[in-house]
Amino acid sequence: MKNSWKLIKASSSQKQSDGELAFDGDPDTYWQSKENTKLPQYISIDLGDQHTIHGFAYIPHTDGKDGMIESGSVFISSNKKKYHKEVLTNTYVTLKSLHS
């Protein structure tokens with residue numbers, strides 16, 4: 001499935017930690033936003049087709065304290081123009097629902 005995923009945009013990226021690395025399937029690579037950048041930071045991914053999403057999981061990098069999601073939201077769209085938020089929760093982060 002991830003073969004059809006494409007990066008639409010990352011709000012910022014550290015050098016050698018580009019947005020595509022967030023979903024490349026390699027647990028040793030990751031996307032990281034630039035340090036000292038105003039929040040919120042985000043990554044937008046086109047999944048290539050419509051999918052039913054049952055959950056959200058990620059592997060933070062483990063070589064430092066940076067890389068954990070403090071809080072976040074998941075937006076979904078069928079046309080890349082109008083986005084709706086969905087509520088997802090996992091062990092590391094509670095994603096809050098805000099209606100757009």
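The structure is a predicted model, in which local features need pLDDT of at least 70, side-chain atom pairs count only at pLDDT 80 or more, and totals for chains, interfaces and linings use all residues. Residues are numbered from 1 along each chain as its sequence is written, and side-chain values use heavy atoms, with hydrogens and water left out.

Begin by displaying the entire protein chain as a cartoon. It contains four strands and zero helices, in the order β-β-β-β from the N terminus. Strands (E, at least two residues) and helices (H or I, at least four) are DSSP runs, numbered from the N terminus. Of the 100 residues, 20% count as buried; buried means under 20% relative accessible area, exposed over 50%, and partly exposed in between (1.4 Å probe, protein chains only).

Next, select the loop between strand 1 (6-10) and strand 2 (43-46), where Ser17 is found. Ser17 is buried, at a relative accessible area of 7%. With residues up to four places away in sequence not counted, Ser17 touches Tyr30, Trp31 and Gln32; such a contact means heavy atoms within 4.5 Å.

Gln16 also lies in the loop between strand 1 and strand 2. Gln16 is exposed, with a relative accessible area of 70%, and its phi is positive, near 65 degrees, in a residue other than glycine.

Then move to Pro40, in the loop between strand 1 and strand 2. A cis peptide bond, with omega about 5 degrees, joins Leu39 and Pro40.

Finally, select Lys80, in the loop between strand 3 (74-76) and strand 4 (84-86). Lys80 counts as exposed at 52% relative accessibility and, although not a glycine, has a positive phi of about 65 degrees.
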